[in-house]
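Subject: Structure handover

Hello,

Please find the structure below. My notes on what was found in it follow.

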Amino acid sequence: MSSTATARRTPSWFVLWMGLLTALILLCCLALFWQLAAEGTFPLEVVLWLAIGVLGAVALLFGLVGLLRYRAFFYSLISPVIIGVFVVLVWQNVPETTGWKLSRDILQTQAADCANPGHRTRLGVYTITFITRRDGGCLFYTQGTETNSSRGFAYFPNAAPPYIGTPTSGIGYEPFHGNWYRFTEES
């Protein structure tokens with residue numbers, strides 16, 4: 001007998017199943033990357049994390065079968081590698097940094113006028129719900145992740161905001177990038 005006759009061949013159902021799982025995991029990772037970059041809604045982020053977790057667990061179980069039974073290393077390991085790389089990217093704040101880099105120039109241009117368009121609008125990757133002048137700067141309210149607070153970006157071209165941290169007045173500024181600050185306003 002030749003060595004090729006004794007080698008196990010990876011069945012096509014396994015290749016198709018692992019391909020489908022990998023595609024779904026990749027799609028969920030890309031959707032979550034976008035949600036994190038665009039500061040999307042918290043419930044959608046939780047659903048996407050759960051979907052990645054469940055799909056990852058299923059891919060891990062079938063991957064173990066593929067490794068042990070068919071010795072299909074590539075098909076068995078691609079999903080865990082994709083999830084691992086995605087987790088490292090999130091850990092290093094790559095989605096948030098990417099969202100900011102894609103949106104900074106557009107926000108900078110809009111901050112010159114600081115005019116509220118009167119409706120929700122997209123500036124860069126961010127959905128801006130409201131724009132207003134406050135404390136000598138221009139505040140861009142983004143979709144909030146909590147129901148009792150508002151978040152966003154604040155641009156102070158000439159000086160820092162009057163206070164850094166969480167004051168008793170309900171709004172707190174944190175340094176972000178140059179003349180830009182992140183703010184949280186408690187309702």
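This is a predicted model: local features need pLDDT of at least 70, side-chain atom pairs count only at pLDDT 80 or more; totals for chains, interfaces and linings use all residues.

Hairpins

S2 and S3 are antiparallel and are joined by six bridges. One of the bridges links Arg134 to its partner in S3, Gly137. The hairpin formed by S2 and S3 has two residues between the strands, and Asp135 takes a positive phi near 55 degrees there.

S1 (residues 121-123) and S2 (residues 126-134) also run antiparallel, with three bridges joining them. Thr121 has Ile128 in S2 as its bridge partner. These strands too form a hairpin with two residues between them, and Gly124 in the turn has a positive phi of about 70 degrees.

The sheet

The strands belong to an open sheet of six, in the order S1-S2-S3-S4-S6-S5, with antiparallel pairing. S1 and S5 (171-177) are the edge strands, each pairing on one side only. From one strand to the next, the twist averages 40 degrees. As background, strands of a sheet pair through backbone hydrogen bonds, in either a parallel or an antiparallel sense.

S3 pairs with S4 (residues 149-155) over five bridges, again in the antiparallel sense.

Helix H5 (residues 94-113) lies across S1, S2, S3, S4, S5 and S6 (180-186). The helix runs at about 40 degrees to S2.

Thr142

One residue was looked at in detail. Thr142 is located in S3, which spans residues 137-142. Its bridge partner in S4 is Arg151.

Is Thr142 buried or exposed? Its relative accessible area is 4%. The cut-off for buried is under 20%, so Thr142 counts as buried.

Regards

How values were computed. Residues are numbered from 1 along each chain as its sequence is written. Side-chain values use heavy atoms; hydrogens and water are left out. Helices (H or I, at least four residues) and strands (E, at least two) are DSSP runs, numbered from the N terminus. Buried means under 20% relative accessible area, exposed over 50%, partly exposed in between (1.4 Å probe, protein chains only). Two strands pair if DSSP finds at least two bridges between them. Axes are lines fitted to C-alpha atoms, for helices over the stretch in contact, and angles run from 0 to 180 degrees between N-to-C directions. Contact means heavy atoms within 4.5 Å.
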